Amino acid sequence: MLTAHLESVWQAVVPALPGFTVELLPSIDSTNSELMRRVRAGLQEPVLLVAQEQTAGRGRLGKPWTSPPGHSLAFSLGLPLAPADWSGLSLVVGVSLADALHPDLRLKWPNDLWLEGRKAGGILVETASAGEAPGAPRMVIVGVGLNIARPPASVVSAQGSLPPVEPAGLAECRVGLTDGEALEAVVPPLVHDLLAFASLGFGAFAARFARRDALRDRDLILSDGTQGTGQGVGPDGSLRMMTAMGLREISSAEVSVRPC
């Protein structure tokens, strides 16, 4: 199903990204890991790497993300990017994906797509320099994992959720959606939004994120045990939470967050 959509994705993206290529692999450990290896070996051209199966996919904080054939879409987009400020990039990716897929999707800070309170997808953003020479261009690797069908219980367990949280599949809100259709729907607008982010920063996307913010006004607990209420995000994309000690701003490097 994926193969028939690759040419359309390439044609839609290459005018904005000269030299852009699309590659489909039947199986790989992790699309992000593979692109990071290529970048460190000197890759500087934009590329989309799509996997029919991931055997060692990675989520945020090193959590496993298993992508069995027929249940999900896994891809990584690598491109040179030079924003003045990298803050909020993962939120921009989430906004772009959600806007392209369905009005009912919400965004759980900092990198999850939710459908009716259940996880439908995740995002992993990494950067690396293409080579070790001074001034080598910086490449951003945007990894995306989307549940097309609702994953079976064995996959939920493999993804390391403690306690297990029932996931969602995009086919629940877009009946009949295939992985190839999802790929064609999200990649061209994602490229457009990444290029816009490079020149405009997160501020240009703040209102779009606010419309889909799943944590605003919800009771939250941080991984350090702090409790409070979600208050949206700051200008740099940091999570704002009102606690007993006042307003606290949290960066993605400090804590994870879940509803109480």
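I started at a strand end: S72 stands opposite N147 in β9. Strands here are DSSP runs of E, at least two residues, and helices are runs of H or I, at least four residues, numbered from the N terminus. This is a predicted model, so I kept in mind that local features need pLDDT of at least 70 and side-chain atom pairs pLDDT 80 or more, while totals for chains, interfaces and linings use all residues. Residues are numbered from 1 along each chain as its sequence is written, and side-chain values use heavy atoms, without hydrogens and water.

**The sheet.** I followed β5 (residues 72-80) along β9 (residues 138-147): nine bridges join them, and they run antiparallel. Strands pair if DSSP finds at least two bridges between them. I then traced the open sheet, which has seven strands in the order β1-β2-β5-β9-β8-β7-β6, with mixed pairing. β1 (21-25) and β6 (105-108) are its edge strands, each pairing on one side only.

**Helix α5.** Next I looked at α5 (residues 179-200), which packs on the sheet and touches β2, β5 and β9; its direction makes about 25° with that of β5. Angles run from 0 to 180 degrees between N-to-C directions, with axes as lines fitted to C-alpha atoms, for helices over the stretch in contact. I checked its length: the 22 residues should span 32 Å at 1.5 Å a residue, and the end C-alpha atoms are 31 Å apart, which agrees. The expected span is 1.5 Å times one less than the number of residues.

Which residues of α5 are buried? I listed D179, G180, A182, L183, V186, V187, L190, V191, D193, L194, A196 and F197. Buried means under 20% relative accessible area, exposed over 50%, partly exposed in between (1.4 Å probe, protein chains only). These buried residues pack against α1 (3-13), β2, β5, α3 (89-101), β9 and α6 (206-212); contact means heavy atoms within 4.5 Å.

**α3 against α5.** I found that the two axes come within 9 Å and cross at roughly 145°. In α3, the residues that meet α5 include L89, V93 and L97; among their α5 counterparts are V186, L190 and F197.

Most residues other than glycine have a negative phi, and most peptide bonds are trans. I noted that the bond from W109 to P110 is cis, with omega near 5°, and that P110 is in the loop between β6 and β7 (112-115). E116 is not a glycine, yet has a positive phi of about 55°; it counts as exposed at 66% relative accessibility. D217 has a positive phi of about 65° and is exposed too, with a relative accessible area of 58%.
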